Amino acid sequence: MRQEFIITIYSENHIGLLNRITINFTRRKMNIESLTVSESAIKGISKFTIVVREEEDRVKKVVGQLEKVVEVLKAFYHTNDEMVFQEIALYKVQTDTLYDSDQVERLVRKAGARILEITREYTVIEKTGHKEETQELFEALNQFGVLQFIRSGRVAITRDPIERLSEFLMERDNLLNQID
Amino acid sequence: MAIKRITGSKAVILSLLEEGVDTIFGYPGGAIMPIYDALYDYDKQVSHILTRHEQGAVHAAEGYAKVTGKAGVCFATSGPGATNLITGIADAMIDSIPLVCITGQVASPLLGTDAFQESDVVGISMPITKWNYQITNADEIPDAIAKAFYIAQSGRPGPVLLDIAKDAQFQEIDFSYKKCKKIRSYIPEHQVDPFKVKAAAWLIDQAKKPLLLFGQGVIIAQAEAELKAFVEKTGIPAAWTLLGLSAMPTDHPLNVGMLGMHGNYGPNIKTNEADLIIAVGMRFDDRVTGKVSEYAKNAKIIHLEVDPAEIDKIIKTDVAVLGNAKKSLAMLIDNVKENNHDAWIQEFRDCDQIEREKVIDKDIRPDKVGLTMGEAVRITSEKTKHNAVLVTDVGQQQMIASRYFKFTQSKSNVTSGGLGTMGYAIPAAMGAQLGAKDRTVCCFVGDGGFQMTLQELGTIVQNKLPVKIILLNNNFLGMVRQWQQLFFEKRYSFTELQNPDFIMIGKGFGMEGHQVTKREELEDGIQRMLDHDGPYLLEVVVEKEDNVFPMVPSGASVSDIILEA
């Protein structure tokens, strides 16, 4: 059964690594729904968060291949239920729409969104949440006309009580020490 | 090590010498000229083989790596030089062959400007290298080369590529070299888990009809002695994959032959009767498994494997023993009970008898008029006392040679397995000859594959490499024709070749040779080839429409193997 999985990859911060990671998806004709990369809690180690809609067996195999990439330290996969995750969306609307009625203001309050910048011409609204929530706000705001809209890739954190990052780094240190 | 100030190019050569490189296969060009200039001063320490095409260089490096177990090294220039390596790199990737490929690249300020002979070789080679890296600063050269050799040769081996910008080749650096021993993000092999070994041993001791399948992992891990000791202690029959050939002597009583589409009858059919499969250093390729959903349904599966991604990739395992096959087999030997499976082995012997009557005798001792590939292979193997290195191309001759050539020592089989690269044999044979200078190298090639890389005859002659080339000529792309006959109603769509005079071509390159068309000339012909001091081309004109059997038809189960059409 196809469902959403969140793949987390810890890697060295090297040029070309993004390509080396994504070709593993391309080769299996697996679509990436969203992808976020940035530095992790450990300096020099990047963290990829990749969302796919796939069968678990295929996800498991691609994660196995990702771990083979020399610069990848560790790759995991989780279901949505196993993680707390967020996306961020920005909406640009004409400032006039806020003057014309209080409906936009009410939408912003109801959605728990916030206003980032107001100029004479436009206002930028920010909302974090799941895709359905940011989409819902987009559709609501769009009744008044949204000039520009952008949504980020997903960031996610496990529900595990233990931080896996330190656990696997310890495990790796042990393995590396055995090589000597 | 003392630090000296040298150019990046010289650093490349010194780094290779530090890694013990004695042979480089390559082809110069604009963007790698500084490295070739540095190489000019080191002709005593390292021999460079100038091939006639970069594809020849990379396949030669593969052949060298296969017989030595060390990384093969090749050089090419940027752009077309680098792209000509791609087929060989892909071949090495799928067959786990250690290669270090060094390509020149345009000077770093020109990167991304569509400069003359610029191609994004790092991008192009990314899916088919274990690791690759572009060097734009000479300071990076020693460490990158150290890392390249470490990655290529450790764990599950594979090809790596270093792309060196021309300006970095000219730059001066303070050179010192340190071999790479570990990389933070890379675990080449896992420690063998004793608990898994115990679980595997328990299954092995219980099994009534166990079958061991071994692949190239045994050769890579140098686990031949452990494999032999394990099967001898347990009495378990063992079958090899195409790349596992030569990891055990052919005539060992527990060697029950080859798996796969054109493998032996016994190991294929018995796979589905076995109650335990012990897979060692093999990856359940589709040519081995046939229809996966019907594969080894009665068996528990034990998989000894160095690459975690291979576990459960195709066949679900009951016990996976991760790690180096030499270590895991040694631990298994200590944990299993002595045993024998004589009645079960007899079933394989019975299968052999059927196969011999229906297929083998007709192949290797035919009584019909036309020559067969099988008899040429049998005689060559016998006359070299089963001691030669076998190099094969891809197609019918590959399958026939793999079936009938016999082995007495490991690292004696050089073939393109996973990628199935036609044109592989001739360049791979010259690499194998350089890697095994004292051994006889017998290269079987078809008329199709011969014409893909025949320019390397020139390299063989120039370097006086005594390679024995046996061209099995049926004037067809034989394997495709066989499939057309069996599965496409004999519609021979573009498989018949109008061939040149091969012997004259050989002579043009300065290679001795002759053609054999009759059975009574064959033995003497092969003897003449083997006795000749130097390279030799023996063309054996075989039956046009012979087929390779047995055969597991594409998509069928291994138990549906057919012995005749």
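This is a predicted model: local features need pLDDT of at least 70, side-chain atom pairs count only at pLDDT 80 or more; totals for chains, interfaces and linings use all residues.
View 1. Is Cys74(B) buried or exposed? Cys74(B) is buried, with a relative accessible area of 0%. Another cysteine to visit is Cys351(B), which is buried at a relative accessible area of 6%; buried here means a value under 20%.

**View 2. An open sheet in chain A.** Here four strands of chain A form an open sheet, and its order is E2-E3-E1-E4. The pairing is antiparallel. Strands of a sheet pair through backbone hydrogen bonds. Which strands stand at the edges? They are E2 (32–39) and E4 (72–79) of chain A; each has a single partner strand, so one side of each is left without a neighbour in the sheet. From one strand to the next, the twist averages 15°.

**View 3. A strand pair and a helix in chain A.** Follow E2(A) alongside strand E3 (residues 45–55) of chain A, and you will find an antiparallel pair with seven bridges. A handy place to start is Thr36(A), which stands opposite Thr49(A) in E3(A). Helix H2 (residues 56–68) of chain A packs on the sheet, where this helix touches strand E1 (2–12), E3 and E4 of chain A. The direction of H2 makes about 165° with that of E4(A).

**View 4. Where chain B meets chain A.** At this interface, 25 residues of chain B are in contact with 23 residues of chain A. About 2,100 Å² is buried between the two chains, and carbon and sulfur atoms give 54% of that area. Which residues of chain B lose the most area to chain A? They are Met126(B), Arg184(B) and Ser185(B), together accounting for 32% of what that side buries.

View 5. An unreviewed UniProt entry places "domain: Thiamine pyrophosphate enzyme N-terminal TPP-binding" at residues 7–122 of chain B. Over residues 7–122, the chain is 41% helix and 18% strand, with its end C-alpha atoms 23 Å apart. Further along chain B, the UniProt annotation "domain: Thiamine pyrophosphate enzyme TPP-binding" (unreviewed entry) covers residues 393–540. Residues 393–540 are 41% helix and 16% strand, and here the end C-alpha atoms are 15 Å apart.

How values were computed: Residues are numbered from 1 along each chain as its sequence is written. Chains are lettered from A and ligands numbered from 1 in the order in which they are written. Side-chain values use heavy atoms; hydrogens and water are left out. Buried means under 20% relative accessible area, exposed over 50%, partly exposed in between (1.4 Å probe, protein chains only). UniProt positions are given in the numbering used here, feature names are shortened, and annotations may be inferred rather than shown by experiment. Helices (H or I, at least four residues) and strands (E, at least two) are DSSP runs, numbered from the N terminus. Two strands pair if DSSP finds at least two bridges between them. Axes are lines fitted to C-alpha atoms, for helices over the stretch in contact, and angles run from 0 to 180 degrees between N-to-C directions. Contact means heavy atoms within 4.5 Å. Buried area is the accessible area (1.4 Å probe) that two parts lose on being put together, summed over both.
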